[in-house]
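These are my notebook entries on one structure. I wished to look up how its chains meet.

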Amino acid sequence: MLKITDLVHSYGPHRVLGGVSLSVAEGELVSVVGPSGCGKSTLLRSVAGLIRPSGGRITLGGQPVERTPDDLAIVFQDYSRSLFPWMSAANNVALPLRRKGLDRKQRREAAMAALDQVGLADAGNKYPWEMSGGMQQRVSIARALAYRPSLLLMDEPFGSVDAQTREDLEDLVLNVCAHHGMTILLITHDIDESVYVGDRVVVLTKSPTVVAADLVIDLGRIRDQIATRQLDAFVRLRAEVGRLVRGGGTGHTTESTSVLEKK
Amino acid sequence: MKVIAALGRLWLVPVVLVAWEVVTRAAEQPFFPPPSAVLARMHEMWFSGPPSRLLLTDGALADLGPSMARLFSGWLLTAVIGVAAGIAIGCSPRLSDYVNPLIQFGRAVPPPLLVPFFLALLKLGTPAQLATIVFGVIWPILLNTIDGARTVDRQHLETARIFGLSAAQRLWRVILPSALPKIFAGLRLALSLALILMVIAEIFAGTDGIGYRLLYTQRSYLYPDMWGCIVLLGVLGYLLNSAFLLVERRVLAWHRGARQTT
């Protein structure tokens with residue numbers, strides 16, 4: 001689905017990405033975690049075609065990414081600057097659907113259906129600034145859902161909401177991902193979150209960034225905020241990712257290959 | 001409390017009016033007629049018509065009609081030109097670099113100076129008057145629109161790009177609404193400027209309208225009438241500004257809401 005090969009990017013003399021390679025398979029949710037300032041956003045912006053990387057290759061569905069790909073959606077961390085405050089929630093969701101060849105009524109219906117899926121069935125006529133941060137981020141997610149992208153990018157999507165909302169939104173993403181078979185690349189700085197939502201966790205090093213580890217999170221698709229986090233496997237994986245983010249090696253986890261596969 | 005506070009601010013108005021009345025009556029200067037005489041003349045000239053015409057007399061229609069037509073057509077014409085050009089310039093850094101010195105020069109030229117030129121170039125009357133208004137009021141609209149279009153939130157533009165909005169959608173649904181608060185600030189400034197320039201254009205290049213009436217009454221030593229014109233223009237400016245604010249508050253309701261919550 002998505003294949004990134006030896007991605008290199010520099011801002012002036014400062015090399016941010018030092019050859020990042022990773023791939024995301026169809027229907028997979030891959031979380032990318034790394035220390036702050038490691039170029040996570042640069043990586044994501046390259047995939048979105050918002051910046052032209054200095055070197056390397058990105059292909060989406062076999063096609064090289066040169067401009068913004070057609071069927072790509074994004075959820076930014078800063079929902080207030082991503083939703084348009086002059087439009088109602090439903091219009092925000094419906095706006096990108098015109099290019100899908102839907103007429104006004106169909107767009108409205110698709111938007112309402114998407115809002116329903118994120119639990120905002122009654123909020124279609126509200127404006128973003130009439131909603132809480134969590135609700136606004138749900139609208140962002142609904143917009144991405146209605147768009148039916150082949151790849152959904154999420155840039156620290158839960159970074160600006162409170163802890164309870166964050167858990168709700170994590171489960172929401174897991175749900176819709178399973179329900180729609182959506183392929184998601186999620187960027188986060190939160191180690192716990194990366195393990196909880198990911199099918200795989202890709203750990204990045206400090207810049208110039210390369211992939212430190214690519215771990216399969218073998219916790220099954222059904223996750224529960226309390227029960228999953230209590231699993232020994234979860235605790236082990238979280239510690240493992242934590243060590244990697246801090247720049248340590250893989251340590252003693254090699255014996256637990258049943259839950260953790262080092263690629 | 002609000003009512004008392006409002007009354008507290010308003011008490012000065014009648015006090016000033018009464019003081020003016022007393023002083024002008026005592027002074028008996030022909031140049032300074034008492035407000036009561038001015039109001040009486042205003043009533044006679046403009047507001048003693050039939051109720052079916054909102055009390056407006058033929059004189060009011062003859063003076064105000066052409067003036068208002070000039071004011072609004074000039075202002076609207078400028079709004080269209082200014083916003084269109086401003087969006088184009090604001091969206092293109094290169095174009096902006098090219099035209100910026102020209103704009104800075106153009107806005108530095110006091111618009112009344114161009115009246116003789118417009119009179120030489122265009123016909124006396126509406127064309128020269130409209131040219132004066134357009135040239136005078138375009139700057140705040142143009143500069144504000146450029147600024148508004150240039151400062152659209154980068155993430156809004158990136159969102160538009162990633163979700164594949166067409167160029168027209170980007171313009172109408174993202175850039176224009178985003179620039180609208182600044183455009184409205186420019187339009188409001190332009191409206192008060194348009195009133196001033198309308199009067200100037202009528203004084204220098206007119207044969208009718210409230211500005212022409214002002215000049216005529218002054219030349220005929222009709223001082224209460226002249227003061228009536230001045231007061232009418234003041235009230236007109238106040239009403240136009242209030243009406244504009246009312247519209248702005250409706251159109252930009254989202255902007256106020258968004259600003260209050262973030």
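**Conventions.** I worked from a predicted model, in which local features need pLDDT of at least 70 and side-chain atom pairs count only at pLDDT 80 or more, while totals for chains, interfaces and linings use all residues. Residues are numbered from 1 along each chain as its sequence is written, chains are lettered from A, and side-chain values use heavy atoms, without hydrogens and water.

**Interface.** I looked up the contact (heavy atoms within 4.5 Å) and found 21 residues from chain B and 27 residues from chain A. The area buried between them is about 2400 Å², with 63% from carbon and sulfur atoms; this is the accessible area (1.4 Å probe) that two parts lose on being put together, summed over both. In chain B, B:Gln155, B:Ile162 and B:Phe163 lose the most area to chain A, together 32% of what that side buries.

**Salt bridges.** I noted two between chain B and chain A, taking a side-chain nitrogen of Lys or Arg within 4 Å of a carboxyl oxygen of Asp or Glu. A:Arg81 pairs in this way with B:Asp153, with the closest N and O atoms 2.8 Å apart. H8(B) gives the largest share of the side of chain B that touches chain A, seven residues; helices here are DSSP runs (H or I, at least four residues), numbered from the N terminus.

**Helix H8(B).** B:Asp153 also caps the N-terminal end of this helix, a side-chain oxygen lying 2.8 Å from the backbone nitrogen of B:Gln155. I found B:Gln155 and B:Ile162 among the buried residues of H8 (under 20% relative accessible area, 1.4 Å probe, protein chains only). After H8(B) comes B:Gly164, with a positive phi near 65°.

How values were computed: Buried means under 20% relative accessible area, exposed over 50%, partly exposed in between (1.4 Å probe, protein chains only). Helices (H or I, at least four residues) and strands (E, at least two) are DSSP runs, numbered from the N terminus. A polar contact is a pair of N or O atoms within 3.5 Å; within protein, one must be able to donate a hydrogen and the other to accept it, and residues adjacent in sequence count only if both atoms are side-chain atoms.
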